[in-house]
Amino acid sequence: MTESNGQNDNHDKTAEAAEPVVSKPYVMPDDPEPNSVEALQKEVADSRDRMLRTLAEMENLRKRTQKEVADARVYGVSKFAGDIVDIADNLQRALDAVPADAKASADPGLKALIEGVELTERSLLNALEKHGVKKVDPTGEKFDPNFHQAMYEVPDASVSSGTVVQVVQAGYTIGERVLRPALVGVSKGGAKVAPVSE
């Protein structure tokens with residue numbers, strides 16, 4: 001028995017002397033070890049993606065800002081122009097108040113006054129046009145609710161139905177927008193307007 005106990009003691013001493021075996025933890029393929037090549041490549045790809053997204057956002061912001069600045073240049077005077085067109089209307093009303101026969105037989109003082117008001121109106125309209133505001137006189141055109149406001153219908157069989165036959169107040173546009181729609185009388189009766197072929 002002594003020999004067998006000695007062999008077991010020898011075997012235990014050998015097991016104690018050997019280092020314990022520790023297994024490495026399993027690393028997921030999507031989660032590479034820190035400072036490994038895969039981790040650095042993933043970080044570079046993420047950084048590149050963020051950089052490209054930021055560049056795209058900055059380009060969109062630049063384009064949007066350019067459009068807003070251009071619109072501000074064109075439409076920035078809308079409120080002021082809306083007030084000024086009322087003055088143009090008053091000048092036109094002053095000219096319309098003088099009958100045609102009174103203009104022809106007027107004394108030189110009245111003729112000079114009428115010419116001065118006409119010159120002032122033309123000058124005002126030219127100044128408005130220089131800043132993108134245009135007068136709209138739709139007489140004879142087909143009624144367009146985007147540019148005209150119908151005030152009443154006029155029974156007139158000589159023109160097709162839906163045609164502007166009278167302008168109560170001229171309209172104005174600024175750029176591509178309507179500053180003020182024209183107040184119009186629209187024909188009723190007559191032939192229907194044929195749709196415009198494109």
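**Pocket lining and salt bridges in a predicted model**

The lining of the largest pocket comprises five nonpolar, two polar and six charged residues. Charged here covers Asp, Glu, Lys and Arg; nonpolar covers Ala, Val, Leu, Ile, Met, Phe, Trp, Tyr, Cys and Pro; the others, Gly among them, are polar.

The model is predicted: local features need pLDDT of at least 70 and side-chain atom pairs pLDDT 80 or more, while totals for chains, interfaces and linings use all residues. Residues are numbered from 1 along each chain as its sequence is written, and side-chain values use heavy atoms, without hydrogens and water.

The volume of the largest pocket is about 240 Å³. A pocket is an open set of points on a 1 Å grid where a 1.4 Å probe fits, with protein on both sides within 12 Å along at least five of seven lines; lining residues have an atom within 4 Å of a point. Helix α3 contributes the most to this lining, five residues. Helices are DSSP runs of H or I with at least four residues, strands runs of E with at least two.

I turn now to the salt bridges, of which the whole structure holds five. The criterion is a side-chain nitrogen of Lys or Arg within 4 Å of a carboxyl oxygen of Asp or Glu. Asp 86 pairs with Arg 180, with the closest N and O atoms 3.5 Å apart. Because Asp 86 lies in α3 and Arg 180 in strand β5, the pair ties together parts 94 residues apart in sequence. Arg 180 is buried at 14% relative accessible area, buried meaning under 20% (1.4 Å probe, protein chains only).

Definitions and conventions. Grid points are joined across faces, edges and corners, and a volume is the space filled by probe spheres set on the points. Buried means under 20% relative accessible area, exposed over 50%, partly exposed in between (1.4 Å probe, protein chains only).
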